[in-house]
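Subject: Structure for your review

Dear colleague,

I am handing over the structure we spoke about, and below it I have set out what was found. Please read the notes with the model open beside you.

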Amino acid sequence: MGVSAKAFQNWRNRVAPNESTADLCRRTGIKRSTLAQQLVRGNVAVATVVRVARAYGQDPVAVLSEFDGFRGLAEGRRAPSAAELISQVPYQCILKYVLARAGADQEHPAVPKVAGYADSIAVRPWFDAVDPGDLRPKLSAATGIAPQNISAQLTAGRLATRLAVEAARQAGVSLTSGLVVTGVLQPEEGGWPPTGREEALAALTDAELVSLARDRLDALAKVLRKREQDDKYDHALLENLG
């Protein structure tokens, strides 16, 4: 769900009163047919609002805060927790950190480079990192969306925009974090520091780092085992079908 088309048009007329729809589409790179469809449906995608805001030099978070469903977003923007930052580090990078620690020169410790945010942003690890244990039922109660539907989205590696914001609110973390991990906002727009993940990893003890690597490998093993089982099932089914 996005924002009201009427509210979007009112905001757009304030930001660019002298520009036509064609001008706006040229500036943002949004297809005129795409914008027209959203306006006709009465629901403008959040991604569209963010792109228009960026094109006109506006802070996307401040702009979204003007729309129903996103009130208080700017006030709720703050630095992410260490757990959130670490959730966005791929397991390959964590293993590199473990190896670097093992062979580190005490005077000149090696600091491996973490993959860019664009290559490592992931929804499910973030949700699990902020989940105190009852986030799904709380999120379901707050939004009216069934827990199984929330789980299905997470399994698919996605989360609807308003669900992402509400999940952050229910978890007590920065309201912009959910929009960062779903790709709606750039990390810097959501208040995520450029070197935050490196600093969070550096703050871990050796034992904590090894435990983190173990947990990530255990999770990976589960995924791989399920994939192998699915492949075996598919193969057996094809054989039975002849």
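The largest pocket is lined by 32 residues, and among these R124, P125, A219, L220 and V223 lie nearest its centre. The space in this pocket comes to about 1100 Å³, and the elements that each give two or more residues to the lining are α6 (82-87), α7 (91-102), α8 (117-120), α9, α11 and α15 (206-241). Of these, α15 gives the most to the lining, with 12 residues. Please bear in mind throughout that this is a predicted model, and that every value here was computed from it.

For the overall picture, the protein has 15 helices and two strands, and its C-alpha trace spans about 65 × 60 × 35 Å along the principal axes. Of its 242 residues, 38% are buried. Among the contacts between residues at least 6 apart in sequence, 67% join residues that are at least 24 apart.

The interior comes next. The largest nonpolar core has 58 residues, and those with the most contacts inside it are F8, V49, L64, W126, F127, L159 and L201. To take one of them, V49 is in contact with V3, F8, W11, V44, V63, L64 and F67, once its neighbours within four places in sequence are left aside.

Helix α10, which covers residues 135-143, has L135, R136, L139 and S140 as its buried residues. Seen down the axis of α10, these buried residues fall within an arc of 130°, so they line one face of the helix. What covers them includes α9 (123-130), α11 (147-155) and α12 (161-171). After α10 comes G144, whose phi is positive, near 80°.

Helix α11, one of the elements that cover α10's buried residues, also holds Q153. At 11% relative accessibility, Q153 falls under the 20% cut-off and therefore counts as buried. Not counting residues up to four places away in sequence, Q153 touches R158, L159, A160 and L163, and L159 is also listed among the core residues with the most contacts.

S120 sits in helix α8, and with a relative accessible area of 9% S120 is buried. Leaving aside its neighbours within four places in sequence, S120 is in contact with Q88, P90, A115 and R197. S120 and Y233 are 113 residues apart along the chain, and their C-alpha atoms are separated by 31 Å.

Two residues in loops may also be worth a look. L185 is found in the loop between α13 (177-181) and α14 (196-202), and at 2% relative accessibility L185 counts as buried. With its neighbours within four places in sequence left aside, L185 is in contact with V50, R54, P60, V61, T176, L179, V180 and G190. L185 and S81 are 104 residues apart in sequence, and 17 Å lies between their C-alpha atoms. G69, in the loop between α5 (60-64) and α6, has 41% relative accessibility and counts as partly exposed. The C-alpha atoms of G69 and A160, which are 91 residues apart along the chain, are separated by 13 Å.

A22 belongs to helix α2, residues 21-28, and A22 is buried, with a relative accessible area of 16%. Between the C-alpha atoms of A22 and R101, which are 79 residues apart along the chain, the separation is 55 Å.

Lastly, the cysteines. A disulfide is a covalent bond between the sulfur atoms of two cysteines. How many disulfides does a search of the whole structure find? The search finds zero. As for burial, C25 has a relative accessible area of 6% and is buried, while C93, at 7% relative accessibility, also counts as buried.

With kind regards

Terms used
Residues are numbered from 1 along each chain as its sequence is written. This is a predicted model: local features need pLDDT of at least 70, side-chain atom pairs count only at pLDDT 80 or more; totals for chains, interfaces and linings use all residues. Side-chain values use heavy atoms; hydrogens and water are left out. Buried means under 20% relative accessible area, exposed over 50%, partly exposed in between (1.4 Å probe, protein chains only). Helices (H or I, at least four residues) and strands (E, at least two) are DSSP runs, numbered from the N terminus. The arc is that of the directions from the helix axis to the C-beta atoms. Contact means heavy atoms within 4.5 Å. A nonpolar core is a set of buried Ala, Val, Leu, Ile, Met, Phe, Trp, Tyr and Cys residues joined through side-chain atoms within 4.5 Å. A disulfide is a pair of cysteine sulfur atoms within 2.5 Å. On a 1 Å grid over the protein atoms alone, a cavity is a set of points where a 1.4 Å probe fits but cannot get out, and a pocket is an open set with protein on both sides within 12 Å along at least five of seven lines; lining residues have an atom within 4 Å of a point. Grid points are joined across faces, edges and corners, and a volume is the space filled by probe spheres set on the points.
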